[in-house]
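Subject: Structure handover

Hi,

Here is the structure I promised to pass on to you. My notes on it follow below, so please have a look whenever you get a moment.

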Amino acid sequence: ARMAELRLVKTLWGLDEAADPSTWKVVFKSIKDEGYSAVEVIALAWKGKDQPTLIAAANHAGLAVVCQVHTAGGYIEGGAYIYCSSMEMTDHKASFSAQVEECKSVISQVSAGGFINSHSGIDCWGLEECVEFLTFALQEEARLRVKVTHETHRQRIFFNPFLTRDILSHPAIASSSLKLNADLSHWCCACERVFDPEREPRDKWWPATLALVASRAEYVHCRF
């Protein structure tokens with residue numbers, strides 16, 4: 001079996017020097033020189049008029065591209081970025097399929113490849129609705145032959161550790177190839193605490209839940 005390999009990815013989110021696409025060629029080369037293997041970008045970078053610039057800059061620097069998608073969102077309307085516009089299952093499924101297909105087209109043009117990081121579904125869904133969406137997402141991932149991770153992010157399916165635990169333990173998901181992007185900072189915000197079972201007896205559930213998440217985590221968003 002191949003040993004796991006740690007690769008660093010730098011997000012363009014919050015990176016002021018990358019706000020202007022005309023700088024990407026220089027910025028991406030600098031990111032590569034810092035030791036990163038890839039850049040992560042939202043839809044405003046991987047689709048539309050700036051897509052060729054993104055692909056060219058990534059190939060020039062030798063970087064892979066992680067395309068971030070926001071189901072039922074990912075577009076500009078009325079001058080504002082729409083992050084999530086619907087609670088309807090059909091909208092999220094259609095949006096996921098369309099965006100993943102678009103991302104696959106981008107990734108196929110990047111020499112170093114890449115994958116997709118999805119902010120999936122919506123936090124108001126119950127367990128069975130979450131499982132329905134994720135089962136569909138896994139089918140689309142297999143059909144399109146592109147890697148997708150699902151982020152533990154507020155407002156989305158994996159917005160808290162308890163529902164996440166229940167989803168990952170569900171028979172339909174437990175036996176699947178579902179992959180996560182663990183951004184556990186969102187759980188600290190959602191639950192208003194850092195989980196510390198050594199100091200807080202109420203958090204004795206945490207080690208088992210963390211191990212369950214870790215077994216699925218192929219991507220991690222770190223906070224420095």
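**A buried loop residue, then the helices**

Leu-63 has a relative accessibility of 0%, so it counts as buried (buried is under 20% relative accessible area, exposed over 50%, and partly exposed in between, with a 1.4 Å probe and protein chains only). Before I go further, please note that this is a predicted model, in which local features need pLDDT of at least 70 and side-chain atom pairs count only at pLDDT 80 or more, while totals for chains, interfaces and linings use all residues. Residues are numbered from 1 along each chain as its sequence is written, and side-chain values use heavy atoms, with hydrogens and water left out.

Leu-63 sits in the loop between α3 (51–61) and β3 (64–70). Helices (H or I, at least four residues) and strands (E, at least two) are DSSP runs, numbered from the N terminus. Setting aside neighbours within four places in sequence, Leu-63 is in contact with residues including Phe-28, Ile-31, Tyr-36, Val-39, Ala-58 and Val-110 (contact means heavy atoms within 4.5 Å). Trp-125 is 62 residues from Leu-63 in sequence and 36 Å away in space, C-alpha to C-alpha.

Ala-80, in strand β5 (residues 80–82), is partly exposed, with a relative accessible area of 37%. Between Ala-80 and Pro-52 there are 23 Å in space, C-alpha to C-alpha, and they are 28 residues apart in sequence.

The 18 residues of α5 (residues 127–144) should span 26 Å at 1.5 Å a residue, and the end C-alpha atoms are 26 Å apart, which agrees (the expected span is 1.5 Å times one less than the number of residues). Among the buried residues of α5 are Cys-130, Phe-133, Leu-134, Phe-136 and Glu-140. The buried residues of this helix pack against α4 (89–107), β7 (148–151), α6 (161–169) and α7 (171–174). Just after α5, Arg-145 takes a positive phi of about 55 degrees.

α4 and α5 pack at about 25 degrees, with their axes 10 Å apart (axes are lines fitted to C-alpha atoms, for helices over the stretch in contact, and angles run from 0 to 180 degrees between N-to-C directions). That makes α4 roughly parallel to α5 (under 35 degrees is roughly parallel, over 145 roughly antiparallel, 65 to 115 roughly perpendicular, and the rest oblique). The contact includes Phe-96 and Val-100 of α4 and Phe-133 and Phe-136 of α5. By class, the contact of α4 with α5 has seven nonpolar, two polar and seven charged residues (Ala, Val, Leu, Ile, Met, Phe, Trp, Tyr, Cys and Pro count as nonpolar, Asp, Glu, Lys and Arg as charged, and the others, Gly among them, as polar).

With α6, α5 makes an angle of about 60 degrees, the axes being 10 Å apart. α5 is therefore oblique to α6. Here Leu-127, Cys-130 and Leu-134 in α5 meet Leu-163, Asp-166 and Ile-167 in α6. The residues of that contact divide into five nonpolar, no polar and one charged.

**On to α9**

How do α6 and helix α9 (residues 206–214) cross, and at roughly what angle? Their axes come within 10 Å and cross at roughly 55 degrees, so α6 and α9 are oblique to each other. Thr-164 and Leu-168 of α6 and Leu-212 of α9 are among the residues that make the contact. By class, the contact of α6 with α9 has four nonpolar, three polar and one charged residues.

Best wishes
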